[in-house]
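Dear colleague,

I am handing over the structure below, and I would be glad if you could look through it alongside the notes that follow.

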Amino acid sequence: MAAYDDLNGKRIAMISVISIVVTAVTVLAVQVVYFALADLVDTKKIQDSSYTRSNQVLSRQADEVTSYGVDPDTGNIRVPVGEVMKKMASEAEKRQNEDQASLTAPTQPLS
């Protein structure tokens with residue numbers, strides 16, 4: 001009867017170690033596949049996405065800074081930014097030329 005109660009410890013240990021290794025490898029493989037598919041899905045979403053709401057806001061803002069108009073709520077007049085910048089640059093250049101001319105003009109002696 002003792003023959004039926006004996007367990008093969010070496011075989012049980014070997015099967016346990018092999019089972020643990022197979023389980024660990026399977027878990028790692030599933031993680032690799034999951035992250036590869038998640039990256040593929042994210043890449044596809046980025047390629048297919050469009051920023052319609054943001055693009056609408058940006059185009060509206062671009063129209064506001066490049067056109068003439070009047071704000072109906074406040075009555076403020078809207079002038080294109082480029083025009084204002086050109087005017088300010090010409091005024092600054094004119095002022096600089098006047099300052100240069102005043103510095104180089106001969107001074108008259110006080111009598």
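A residue is called buried when its relative accessible area is under 20%, exposed when that area is over 50%, and partly exposed in between. Please keep in mind throughout that this is a predicted model.

By those cut-offs, 2% of the 111 residues of the protein chain count as buried. The chain exposes about 10600 Å², and carbon and sulfur atoms supply 62% of that area.

As for the overall layout, the protein chain has four helices and two strands, and from the N terminus on these elements follow the order α-α-α-β-β-α. The average pLDDT of the protein chain is 88, with 89% of the residues scoring at least 70.

Which residue forms a salt bridge with Lys 44? The partner is Asp 48, and the closest N and O atoms of the two are 3.7 Å apart, which falls inside the 4 Å cut-off for a salt bridge. In general, side chains of opposite charge can pair when their charged atoms come close. Here Asp 48 and Lys 44 are four residues apart in helix H2 (residues 9–48), and therefore about one helical turn separates them. Asp 48 counts as exposed because its relative accessibility is 52%, whereas Lys 44, with a relative accessible area of 47%, is partly exposed. The count for the structure comes to one salt bridge.

The structure also holds one aromatic pair. Its members are Tyr 34 and Phe 35, whose ring centres lie 5.2 Å apart and whose planes stand at 70 degrees, so the pair is classed as edge-to-face. Both Tyr 34 and Phe 35 are exposed.

Finally, there is a nonpolar surface patch of about 620 Å², to which Tyr 68, Val 70, Ile 77, Val 79, Val 84 and Met 88 contribute.

Terms used: Residues are numbered from 1 along each chain as its sequence is written. This is a predicted model: local features need pLDDT of at least 70, side-chain atom pairs count only at pLDDT 80 or more; totals for chains, interfaces and linings use all residues. Side-chain values use heavy atoms; hydrogens and water are left out. A salt bridge is a side-chain nitrogen of Lys or Arg within 4 Å of a carboxyl oxygen of Asp or Glu. Buried means under 20% relative accessible area, exposed over 50%, partly exposed in between (1.4 Å probe, protein chains only). Accessible areas come from the Shrake-Rupley method with a 1.4 Å probe; for residues, only the protein chains shown count as cover. Patches are made of residues with over 30% relative accessible area and no salt bridge: like charges are joined within 9 Å, nonpolar side chains (Val, Leu, Ile, Met, Phe, Trp, Tyr) within 5 Å. Rings of Phe, Tyr and Trp (its six-membered ring) pair if their centres lie within 6.5 Å; planes under 30 degrees apart count as stacked, over 60 as edge-to-face and the rest as tilted. pLDDT is the predictor's confidence in each residue, from 0 to 100.
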